[in-house]
Amino acid sequence: MNAESIEQTNGQSGQPWQHWQLERADDGLGWLTLDCAGAAANTLSQAVLGELDQVLDALQAAPVRALVIRSGKSAGFIAGANIDEFSAFDSSAAVRALVERGWQLFERIQRLPYPTLALIRGHCLGGGLELALACRYRLAVDEPATRLALPEVMLGIVPAWGGMKRLPALIGAPAALDLMLTGKSVDARRARRLGLVDDAVPWRVADDAARILLAQGRKPAGGLLARLGRWRTRALNWALNGVLRQQVANKARAQTAAKVARKHYPAPYAIIDIWARHGGNALAVPASDPAALEHLLETPTTRNLLRVFALQERLKSFAKGLDFRPRHVHVVGAGVMGGDIAAVCALRGLRVSLQDQSMERIAPAMARAAKLFARRLRGDPRAQRAALDRLMPDPAGDGVAQADVIIEAIFEDLDAKRTLLAGLEQRARADALLASNTSSLRLEDIATALQQPARLVGIHFFNPVPQLPLVEVVRGEQTDPLLVRQALGFVRALDKLPLPVNSAPGFLVNAVLAPYMLEALRCVEEGGAPADIDAALVDFGMAIGPVELVDTVGLDIALAAGRTLAAAGSRVPAQLETLVAAGKLGRKSGEGYYRWQQGKAVKPAAARSGATQTGSEPPAGCSAEALARRILAPLYQAADACVAAAVVADADLADAGLIFGAGFPPWSGGPLHHHRQSLLPELFSANENPPSDE
């Protein structure tokens, strides 16, 4: 770019701005670049917002013909507000002041008398997308790393800098509410189809595309379908000014209620109310309203979701600074777990060879992978084809010799794993990462078959692999620490969350889930209906009920894990053993504790009433609350025991592992955190002012 002058570079040069750089090109175009000093990613801190206000003052004094706002970071556009700064606010008044500042700034951008364009490459999240929405145009770089989202709901808050107003106006309320209520992201091509961005272009032509778009002074035609979509959005927005707005809001509330309870997650309901009643302006909501910022910020849910965000960032940090970039992964075992591990690796751009005893055993995994690629890469047939091309059936195991990472993912049998890994060690490169996906066996016991036991590391995925973000990275007593670090880097390369754990039966997640599931099965044995028991735990907030989880995992696997991991003195329910002996293994056989049809458990429609399906006496403490307390009690005890035994470094990591690996409800802040808080009324009942969570 040929720049006529540079008004600011950085604070070191004596200029007033540390984070923003404004360049004026000879053609009158202004290029405003955000490059947060001393940070890997751009965030909208108070300092950044304050400087943006000064930039706008400078542009008001000396306007440009048009303005492009872009990032100076390779990591992405803007990652949103500064969460550390946000979490440190000690009053809702301070947060409201920040919201007012951002709202006014973005309103000011929208009112600029010349065209503005956000040039988006990489992540564009939260306040970053709200800033982009305030611009007249948005141009996205068509790369896998480009993702746009308003994920505030996942922190228990709302998009308060104009996102609730501008996004529905731009793409229509139904699509906008779907994005805001789920926090899900879209890539550049999906954003273009929605009308969220005006175009998606390759990076090499992005600057020229920005110039052309600004010079045209209008949106790109985008073909007949794109024009029809914009006309439909305008018509729908016009209709939503009337009674239809409440109908859309009511439908959104019903859909939200089917997923999460207002008592646990008030933020999505607040988003709907603010859009329906206040035009998307959070500042217009009375402080007494449950949707008000003051109310949301004082809820335990918001504090806990901010805690969960910090836990997630801690898991990501374990792989920072690592320079392990594998290109070829070899997976042995094409069952559901191994096949899905291979598919996820191929989806992330790695070359993968998948080994099993025959092509017939590998074929179902290839079919599942094709469905996954079609779902994740919809609208891009070439990318789907490329992913399939990266996944190679390899019944002979020829890929072992070329692989950077080798993962054993066969059934849980100690002798079988020993024999397989000993053979793999002989064929593998000396520098290849040799890993087991064992879920319950000690790494030290498996490694006895290896000539170099220090080579073996555990990389334990969770089912379903494409959905669950956590992966336990297991260190045995002899494992080389460098290999553990490489395994952490490999997991992050898959966009998963690595949790370092020490070798122990079941590691963290399975060691905690086993007694929880067994206690639920004992309740069934005592006469409780599986659907009632599951409903009690789902109402608490678990992602799936414990009995349905057993059926999903497989009763044979649950039985084997139960025998290995059951607490001392506890018993495996006889009914579980009987069902396994009868070949009723759960979902994979079509019947277990439930009957299964088309991959779904068949449950009775009747609500809880104290009676059971069998007509026998219900288990002791048959209310939903009592059932949940009883079944969760061994989970809390097992989590405490794992921390005491140093399976994980501390209680925070135990909470992180059980949220991201076992589906423990995020609103709680994690099982150990939640259990401590729930005990406060008992521990401090004589104290009128028990200690705060701070």
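Mentor: Start with a definition: two strands pair if DSSP finds at least two bridges between them. Helices (H or I, at least four residues) and strands (E, at least two) are DSSP runs, numbered from the N terminus.

Trainee: Okay. What kind of model is this?
Mentor: This is a predicted model, where local features need pLDDT of at least 70, side-chain atom pairs count only at pLDDT 80 or more, and totals for chains, interfaces and linings use all residues. Residues are numbered from 1 along each chain as its sequence is written, and side-chain values use heavy atoms, with hydrogens and water left out.

Trainee: Back to pairing. In which sense do β18 and β19 pair?
Mentor: Parallel, over six bridges. Leu-470 stands opposite Leu-497 in β19.

Trainee: And what holds paired strands together in general?
Mentor: Strands of a sheet pair through backbone hydrogen bonds, either parallel or antiparallel.

Trainee: What is the strand order in the open sheet of eight strands?
Mentor: The order is β14-β13-β12-β15-β16-β17-β18-β19, and the pairing is mixed. The edge strands are β14 (391–393) and β19, each pairing on one side only. From one strand to the next, the twist averages 25 degrees. Angles run from 0 to 180 degrees between N-to-C directions, and axes are lines fitted to C-alpha atoms, for helices over the stretch in contact.

Trainee: Which helix packs on that sheet?
Mentor: Helix α15 (residues 359–376). This helix touches β13 (351–355) and β14, and its direction makes about 160 degrees with that of β14. Contact means heavy atoms within 4.5 Å.

Trainee: Now the sheet with four strands. What order there?
Mentor: β5-β7-β9-β10, an open sheet with mixed pairing. Its edge strands are β5 (76–78) and β10 (186–187), and each pairs on one side only.

Trainee: How many bridges join β7 to β9?
Mentor: Three. Strand β7 covers residues 123–125, strand β9 covers residues 147–149, and they run parallel. Cys-124 has Leu-148 in β9 as its bridge partner.

Trainee: What does helix α4 lie across?
Mentor: Helix α4 (residues 127–134) lies across β5, β7 and β9. Its angle to β7 is about 85 degrees.

Trainee: How do α4 and α5 pack?
Mentor: At an angle of about 55 degrees, with their axes 10 Å apart; α5 is residues 163–171. That makes α4 oblique to α5. For the cut-offs, angles under 35 degrees count as roughly parallel, over 145 as roughly antiparallel, 65 to 115 as roughly perpendicular and the rest as oblique.

Trainee: Left-handed or right-handed crossing?
Mentor: Left-handed for α4 and α5. A crossing is left-handed if the near helix is turned anticlockwise from the far one by less than a right angle, and right-handed if clockwise.

Trainee: Which residues make the contact?
Mentor: Glu-130, Leu-133 and Ala-134 of α4, with Gly-163, Arg-166, Leu-167 and Leu-170 of α5. They divide into four nonpolar, one polar and two charged. Ala, Val, Leu, Ile, Met, Phe, Trp, Tyr, Cys and Pro count as nonpolar, Asp, Glu, Lys and Arg as charged, and the others, Gly among them, as polar.

Trainee: Next pair. At what angle do α20 and α25 cross?
Mentor: Roughly 155 degrees, for helix α20 (residues 509–525) and helix α25 (residues 624–644). Their axes come within 8 Å. So α20 and α25 are roughly antiparallel to each other. α20 passes α25 in a right-handed crossing. Among the contact residues are Tyr-516 of α20 and Leu-635 of α25. By class, the contact of α20 with α25 has 14 nonpolar, no polar and three charged residues.

Trainee: And α6 with α10, which residues meet?
Mentor: Ala-173, Leu-177 and Leu-181 in α6 meet Val-248, Ala-252 and Thr-256 in α10. That contact has five nonpolar, one polar and no charged residues.

Trainee: Switching topic. How many salt bridges does a search of the whole structure find?
Mentor: The search finds 41. A salt bridge is a side-chain nitrogen of Lys or Arg within 4 Å of a carboxyl oxygen of Asp or Glu. One of them joins Asp-208 and Arg-211, with the closest N and O atoms 2.8 Å apart. Both residues lie in helix α8 (residues 206–216), three residues apart, about one turn of the helix.

Trainee: Last one. Which peptide bond is cis?
Mentor: The bond from Asn-463 to Pro-464, with omega near 0 degrees. Pro-464 is in the loop between β17 (456–460) and β18 (470–475).
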